[in-house]
Amino acid sequence: MSFHLVVGHGPAGAATTRLLAEQGHEVRVVTRTGRPAAPADGVEHLALDASDPARLAEAARGAVAIHGCAAPPLPQWAGRWPALASALCAAAEDSGAVLVMLGNLYGYGPVDRPMTEDLPLAATGPKGRVRAAAWEQAWALHEAGRIRAVEVRACDFFGPGVTDGGHLASRAVPALLKGRPVTVLGDPDAPHSWTYLPDVARAMVEVAAEESAWGRPWHVPTAPALPVRTMVERLAAEAGTGPVPVRRLSPVLLGAAGLFSPLLRELRETRYQFDRPFVVDSSAYEAAFTVRATPLDEQVAATVAWWRERS
């Protein structure tokens, strides 16, 4: 088996690390603290600042792939993403490892159709532009023959391991497990794509080994889009807590809350994702590779079980 470097140990980094270790690979995880929540056999945790190109390159030497799963706190994206992206590219060039970047859909900006990988990265807001720029930098180096790079783009994370950052996680599941109302951003009846976290890890690992995947972005296989209201209903039904009210957080209240919460203030830029249909098309990936979206019933059952174990 081979050596992989995973940068970041949030939900996606942790899931990717577990999958690689289960497959028998040697894994080194880079985080600022170097302290894992749950140590695992075959996994080394290293404390360093991933935006330091020299230290990250040293950590990556000998790796066949660098899985870029780290992200600064949302309010710090504009200031910290460029250095992190540059360090990832530098480590890939120094080590010769394939750079597998975990991306999202912010770079497309508001669109009026299902999102495919050939859409232009036309976002104008700072968070969308900084994410687009990270991939554009890696792609330019790939085209120049200096690195090998691929980006895996996911919609909103959903599933076991997703907590504070998920719209169908700590903002919703603890309440519905108790039969309480759930408050959501935007239109609760607009179709929305939810990417299951284990499928993100499976796609990250698969494209790292597929030379035909390199040099372009891919959308993680994602189940058909469903409104947040429907997803809450499915989760509540699985939990046996019955129908629960789903309430929309008014834009006025969101604006007021943003005065005191940096996170809510940052969500203003991407609120369009919940005010209109926000649908990802992953058919290109599914036509080329083997990973498929986990059936929705399995996603829902595993998510409810995981949250119940935590309570």
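Residues are numbered from 1 along each chain as its sequence is written, and side-chain values rest on heavy atoms, with hydrogens and water left out. Because the model is predicted, local features need a pLDDT of at least 70 and side-chain atom pairs count only at pLDDT 80 or more, whereas totals for chains, interfaces and linings use all residues.

In soluble globular proteins, nonpolar side chains tend to be buried together. A nonpolar core is here a set of buried Ala, Val, Leu, Ile, Met, Phe, Trp, Tyr and Cys residues joined through side-chain atoms within 4.5 Å, where buried means under 20% relative accessible area, exposed means over 50%, and partly exposed lies in between (1.4 Å probe, protein chains only). The largest such core has 56 residues, and those with the most contacts inside it are Val100, Val150, Phe158, Leu168, Leu176, Val232 and Leu235. Its largest share, eight residues, is supplied by helix α6 (residues 197-208); helices (H or I, at least four residues) and strands (E, at least two) are DSSP runs numbered from the N terminus. Apart from this core lies another, of 35 residues, which includes Ala87, Leu99, Tyr106 and Ala149.

Strand β6 (residues 148-153) is mostly covered, since five of its six residues are buried. Two strands are taken to pair if DSSP finds at least two bridges between them. Strand β5 (residues 98-103) is joined to β6 by six bridges, and the two run parallel, with Leu99 standing opposite Ala149 in β6. Between β5 and β6 the chain crosses through helix α4 (residues 126-143), and this β-α-β crossover is right-handed, a term meaning that, with the strands pointing away from the viewer, the path from the first strand over the helix to the second runs clockwise. β6 also pairs in the parallel sense with strand β10 (residues 217-219), over three bridges, and the bridge partner of Val152 in β10 is Trp218.

Nine aromatic pairs are found in a search of the whole structure. Rings of Phe, Tyr and Trp (its six-membered ring) pair if their centres lie within 6.5 Å, and planes under 30 degrees apart count as stacked, over 60 as edge-to-face and the rest as tilted. The rings of Phe158 and Tyr196 have their centres 6.3 Å apart and their planes at 50 degrees, so this pair is tilted. The pair links distant parts of the chain, with Phe158 in strand β7 (residues 156-158) and Tyr196 in strand β9 (residues 194-196), 38 residues apart. Phe158 is buried at 0% relative accessibility, and Tyr196 is buried at 7%. The rings of Trp194 and Phe274 form a tilted pair as well, with centres 6.4 Å apart and planes at 50 degrees; Trp194 lies in strand β9 and Phe274 in helix α10 (residues 272-275), 80 residues apart. Trp194 has a relative accessible area of 4% and is buried, and Phe274 counts as buried at 8%. Ring pairs also link Trp77, Trp81 and Tyr106 into a cluster.

A disulfide is a pair of cysteine sulfur atoms within 2.5 Å, and by this rule the count comes to zero. For Cys89, the nearest cysteine sulfur is that of Cys69, 15 Å away, and Cys89 is buried with a relative accessible area of 2%. For Cys155, the nearest cysteine sulfur is again that of Cys69, 17 Å away, and Cys155 is buried at 6%.
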